[in-house]
Amino acid sequence: MPSKEEAEEWKRQLVENAEKEILKLTDSEKFKSYLDTVAKFHRYSQRNIDLIYSQNPSASQVAGFKKWQNDFKRSVNKGEKGIRIAAPIIKKLTPAEQKHLDTTDERAIVGYRYLPVFDVAQTSGEPVLSAKDFVKENLADHQNVTSLYNAFKDYLNQQTDLKISEVPLATLNGAKGYFQPSTNEIVIGGDEPDNALKLKTLYHEYAHSQLHGLKSAFKDRPRAYQETQAEAIAYVAMQNIGVDTSNYSLGYVATWAKDKAVIHSALSEIQQVSNKVIELSDGLTKQLGLQEAQKEPEHDLKKLSAQALNQSYQGLQQQIKQAKNPQQKSELKNKLNDVHQEISERTQKQLQAFAEQNPEIKQHESELDQSLKR
């Protein structure tokens, strides 16, 4: 069993490594180009976002006719119908109008007009970077992930006040799942074919429930903080069980945490929840028997032949290389140390016996010491 200090160090390193990998990604030239692209798009009001969605729910990146041409080197396809958004009409105020409106502002919005914008899908030309360039969803299926997902879901339903349910992915508007603070409910796309992604989504939404629920300390954090925290915790939790989701998770985090200060601040707050998720997962994997190493036969090491000892030593070395869980790795290392100690003691006894049987062979003490140390 790893000591408490070793377990804490493992968890701390997981979070630190997550931050390093995210920052490495945000330093890439491709990501900087992505941020430049994002900066070219206007930030729309909630009113205009609602207008865009009502006219074209699948719209992802919109701009005006000339902006597509000048800033993105793209042309609106012939026959495309524009999406109308509200643009303010701004007028310079006369002194009388300033007095009437009780304002010192020289300009004011006096009305709105509706202008056309077009989604990227309605245009053709040079490629436009999007978040999808950094969020790859191809996570290879992993053995035992399904059983851990089901155990985690059952635990949350039975042992906590959270309610976990599943719905078809088609009803989630492109999402993999969500957390609803008002009902303390987590909803997961039940027909997600990638089991690793499904488990990662459950970790993500569980992190939201712990950090951003109605009574949570960080519930008022901006969306960028919340998504950075939840996905970073999911990444750490998956790393802990030996499943690498960096292709998905780090890109997801980076697209939300465009400011490095956000990354640092958000990750500094996740240690507690990360520890909780890791401890919970470790407990469940142990219950499921997923942490059990291949057991050596219950023999007294002193009764094993030299060949059996060597085979045991080599087998344990291989198991340690393959082990992902820190508890499992620590147990295997303890076994390896026991076998190594037995081999060392036998070797020393054999050397001593050989020296006693062959007194005519002289060997400097320092050379004997060196041979024992090898």
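This is a predicted model: local features need pLDDT of at least 70, side-chain atom pairs count only at pLDDT 80 or more; totals for chains, interfaces and linings use all residues.
1. Residues are numbered from 1 along each chain as its sequence is written, and side-chain values use heavy atoms, with hydrogens and water left out.

2. Strand β8 covers residues 185–189 (strands are DSSP E runs of at least two residues, helices H or I runs of at least four, numbered from the N terminus). Five of its five residues are buried, so β8 is largely enclosed by the rest of the structure (buried is under 20% relative accessible area, exposed over 50%, partly exposed in between, with a 1.4 Å probe and protein chains only). E185, V187 and G189 cover one face, I186 and I188 the other.

3. Now its neighbours (strands pair if DSSP finds at least two bridges between them). β6, residues 163–167, runs parallel to β8 with five bridges, and I164 partners I186. β7, residues 177–180, is antiparallel to β8 over four bridges, with Q180 opposite E185. β7 and β8 make a hairpin with four residues between them, and N184 in the turn has a positive phi of about 55°.

4. There are seven salt bridges (a Lys or Arg side-chain nitrogen within 4 Å of an Asp or Glu carboxyl oxygen). Among them is D71 to K67, at 2.8 Å from N to O; both sit in helix α4, residues 65–72, four residues apart.

5. D220 and K219 also pair, at 3.3 Å from N to O. D220 is exposed at 65%, while K219 is partly exposed at 36%.
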